[in-house]
Amino acid sequence: MSSSQHWIATAGGPLQGTLSIPGDKSVSHRAVMFAALADGVSRIEGFLEGEDTRATAAIFQQLGVRIETPTPSQRIVHGVGVDGLRAPTGDLDCGNAGTGMRLLAGLLAAQPFDSVLVGDESLSRRPMRRVTGPLARMGARIQTEADGTPPLRVQGGQALTGIDYELPVASAQVKSALLLAGLYATGETRIREPHPTRDYTERMLRAFGVEIDFPPGEARLAGGQRLRATDIVVPADFSSAAFFLVAASIIPGSGLRLQRVGLNPRRTGLLAALRLMGADIVEENHASQGGEPVADLVVRHAPLHGAEIPEELVPDMIDEFPALFIAAAAASSPTVVSGAAELRVKESDRLAAMSAGLRTLGLRVDETPDGATIFPGQLGAGTIESHGDHRIAMSFAVAGQLARGEVRINDIANVATSFPGFDALATGAGFGLSVRD
Ligand code: S3P
């Protein structure tokens, strides 16, 4: 996709139909990583064929792992065992993916060889000391740039020791990096969290035969364990479903069914927030898919009112604030977000990008260091800078459905990192959205 490509979003809807949302990004990253480290062959179904997760798969190929792609949503991974990775010849390019880079930092710190992790412009601005700091306490040697950003230069051949570490910020990525390093460390690694975060690493390591305890707010494993190959079914990504949950909630006359969406409780804070605002979302056909709860989400238009988003929901909806801002813009009273300073260090500064975008479309947004108050109103036309952030771009595609006039969204290439085919799925459901050069 050329960098001049942009979207024009115009009033659309009502949204109707049954949609299949692509596979979960967090689960897909981990599935390919753990399958690569396992003894034996693992099959992954429902793999997210996005740029972030493809970058992770390509890195493991560089590390000597054979990965087959029988169809785009499948991977067959020929695991090499925890001690079977090979030294790469070049830099390892994580693309846009913070998850890829941070988890790999933990894994590569424990290998006998050196490696260098690089990323795109956005990833190259993101803070990495939150992971290199505690890894150093385990004995790892990883160099960042002077300001703590990538590239990460990992010096292999270090003997790691388990740690007991309390995370200063709730971060599943940091927790996961330390657990991966912990697999290679002597003794036990114990991570405590200020607020429980997504536990895919813990659940999936257990599925791969690792002994790991994870009472709420904590994860503990002993070093020196091996992984046993297993098959993984990846649920549909709740974070991708979020754009359709918000869109159908705010566009009059809409009714959508989103099939078999992953409902890990550490991911579904947006459901609680939208319901607090008056949304009509029903869960049907509850099932367990690959050890994860899934259900169809049936969402119908409903008049939303504003809400004070409870701070304890923040970690459970950390990726959904861009979408929430659009729901807030369409509500009948203001919405207050607080305790969400982490949004400033995601793929973009999401508090700044969402506030600026909504102001461009004519709304008042009062930004604070860790949140914002969004004052709803009629959205107008305007040009939005997505700052290369997939979730900012998709959020404003939703906003455009209620705008008077055209909303132009620049810099949309990175939508493919998490949601390839978003525009086709959206227009099929009734969005007014076209791609222009
Ligand atoms: C992720 C964890 C979250 C989330 C990211 C994916 C993961 O980041 O924002 O999109 O897969 O572990 P943090 O753990 O840094 O909050």
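Predicted model: local features only at pLDDT ≥ 70, side-chain atom pairs only at ≥ 80, totals over all residues.
I began with the shell around the ligand: its residues divide into 3 nonpolar, 4 polar and 5 charged. For these classes I counted Ala, Val, Leu, Ile, Met, Phe, Trp, Tyr, Cys and Pro as nonpolar, Asp, Glu, Lys and Arg as charged, and the others, Gly among them, as polar.

Numbering runs from 1 along each chain as its sequence is written, and side-chain values use heavy atoms, without hydrogens and water.

Next I listed the residues around the ligand, among them Ser26, Arg30, Thr99, Ser171, Asp319 and Lys346; a residue is near if one of its heavy atoms lies within 4 Å.

Which helices each supply at least two residues of this shell? I found H1 (25-37), H3 (98-108) and H5 (172-183), helices being DSSP runs (H or I, at least four residues) and strands likewise (E, at least two), numbered from the N terminus.

Then I looked up distances from a ligand oxygen atom to a side-chain N or O atom: 2.6 Å for Arg30, 3.0 Å for Ser171 and 3.3 Å for Thr99.

Away from the ligand, I checked the backbone. The peptide bond from Gly13 to Pro14 is cis, with omega near 0°, and Pro14 is in the loop between strands E1 (6-10) and E2 (16-19). Another cis peptide bond joins Pro150 and Pro151; Pro151 is in the loop between strands E8 (141-143) and E9 (152-155).

Technical notes:
Polar contact = N/O pair within 3.5 Å; in protein donor to acceptor, adjacent residues only side chain to side chain.
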